[in-house]
Amino acid sequence: MTAENTRLRIAIVGSGIAGLAAARVLREKHDVTVYERGGPSVSTGGQGIANFPNSTHLLEGMGFDYRRVGSVEISTWTAVDKAGGLLHSLDYDMRERYGSPLMTHMRVDVRVELLRLATAPPEDLGLDASAAPAAMVWHNGAADLDADAGRVTLEDGTVVEADVVIVADGIHSRLRQKILKKRVDPCKTGMTCCRVAVSAKEAEKALGKLPKWWADQLETGRSHFRLVEALDGTSRLLVSYPLRDITWMNMAWIFRTQRERQSTTESWNADGDRDEIIETYADFDDELKTLLRVASEVKLWELQDLEPLPTWTSGRAILIGDAAHAMTPLQGQGSNMAIEDADGLRLLSQPGVTRDAVPEVLKKIESIRRPRAAKILVNTRTASTISSAADRYARFDENCQYPGILSVLKQQEASA
């Protein structure tokens, strides 16, 4: 086998958005196995996520099918006060400005689609016959890592040898300290997010009809982010956007943390007390509180992020996704950074990459991805302290303009 077509053994730890997107990218040229401590439906809460132009063009390049997912394209931003009074409305054509859309979807549906892209027969995806499906190992996550050797010890004691180890095991990563040589924990922000998704059927049953701001989106097919701001110094926000062809509505209620709980610190999928949330938002529009009351699931999450890490790589291993750069949802960029990270791994599939070259290639990936993620983290942290919705979204240009790692390298070479 020549250096032109070396197939590397890739071990991916974690089957979230970052891990599965990485599996889809790397399966084109390499032999990929994903190790997950949970089952196929792990961490698939029924809430929404948004993908901005910086990641949608990358998803489209992977074959991501918006129709399968029921994704909704967002074209307008609306801000109202807690009584529903209009503050401002902004038409913002992402396709026209950045060349790719802003799409919203149910998290579980995104994960199902990425799992399909990682594991479907190559002919189903229009891939070369050599692009073997990634192997999925469930209920057997990673317990230890020797980064220099590319050796992963699984929970059942099995030792796996790999040429590359992709650590994508989330904000509370087990293996991050094996790469950093020390423990680094996420930082609490003092804010909590209550996340729910409400179906149109539930909303109509509870209210008699859909709220006008929801019904208008179904009627016109033009969808928007709707931001409800308290504007009273309490930092309370409510962000809503449609899912599943506008037949569901995601609602994220963000407020100052009132009581710390172990469950909401350790998981973003802990159950919340809807009565407590309704009390926190007692002076908000009754219609909104009714939607919260009828939601089938109420999930609570103490918002945390990671200080920029000194490195993402060690030997044959690299951190990606929340394990590398966890951030709050206040700029909606968490899943976008995960997709960008997965795209960054394309450098491992360039001609001439051999097993011996892996550590150097991982460092090259880090040199582009780590500064980029740090900038987006700063933007996200700033969004938590400013009060103006217009200011909050003024960072779109920096967030949304990312062409992918191969284009970044070309730009760097051209300017050298």
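The residues lining the largest cavity divide into eight nonpolar, one polar and two charged, where Ala, Val, Leu, Ile, Met, Phe, Trp, Tyr, Cys and Pro count as nonpolar, Asp, Glu, Lys and Arg as charged, and the others, Gly among them, as polar. The model is predicted, with local features requiring pLDDT of at least 70 and side-chain atom pairs counted only at pLDDT 80 or more, whereas totals for chains, interfaces and linings use all residues. Residues are numbered from 1 along each chain as its sequence is written, and side-chain values use heavy atoms, with hydrogens and water left out.

One cavity of 30 Å³ or more is present, a cavity being a set of points on a 1 Å grid over the protein atoms alone where a 1.4 Å probe fits but cannot get out, with lining residues having an atom within 4 Å of a point. Helix H15 (358-383) contributes the most, with four residues, and helix H13 (322-325) supplies at least two; helices are DSSP runs (H or I, at least four residues) numbered from the N terminus.

No disulfides, defined as pairs of cysteine sulfur atoms within 2.5 Å, were found in the whole structure. The sulfur of Cys 194 lies 7.0 Å from that of Cys 193, its closest cysteine sulfur, and is therefore too far for a bond. Cys 194 counts as buried because its relative accessibility is 0%, the cut-off being under 20% relative accessible area with a 1.4 Å probe and protein chains only.

Note on methods: On a 1 Å grid over the protein atoms alone, a cavity is a set of points where a 1.4 Å probe fits but cannot get out, and a pocket is an open set with protein on both sides within 12 Å along at least five of seven lines; lining residues have an atom within 4 Å of a point. Grid points are joined across faces, edges and corners, and a volume is the space filled by probe spheres set on the points. Buried means under 20% relative accessible area, exposed over 50%, partly exposed in between (1.4 Å probe, protein chains only).
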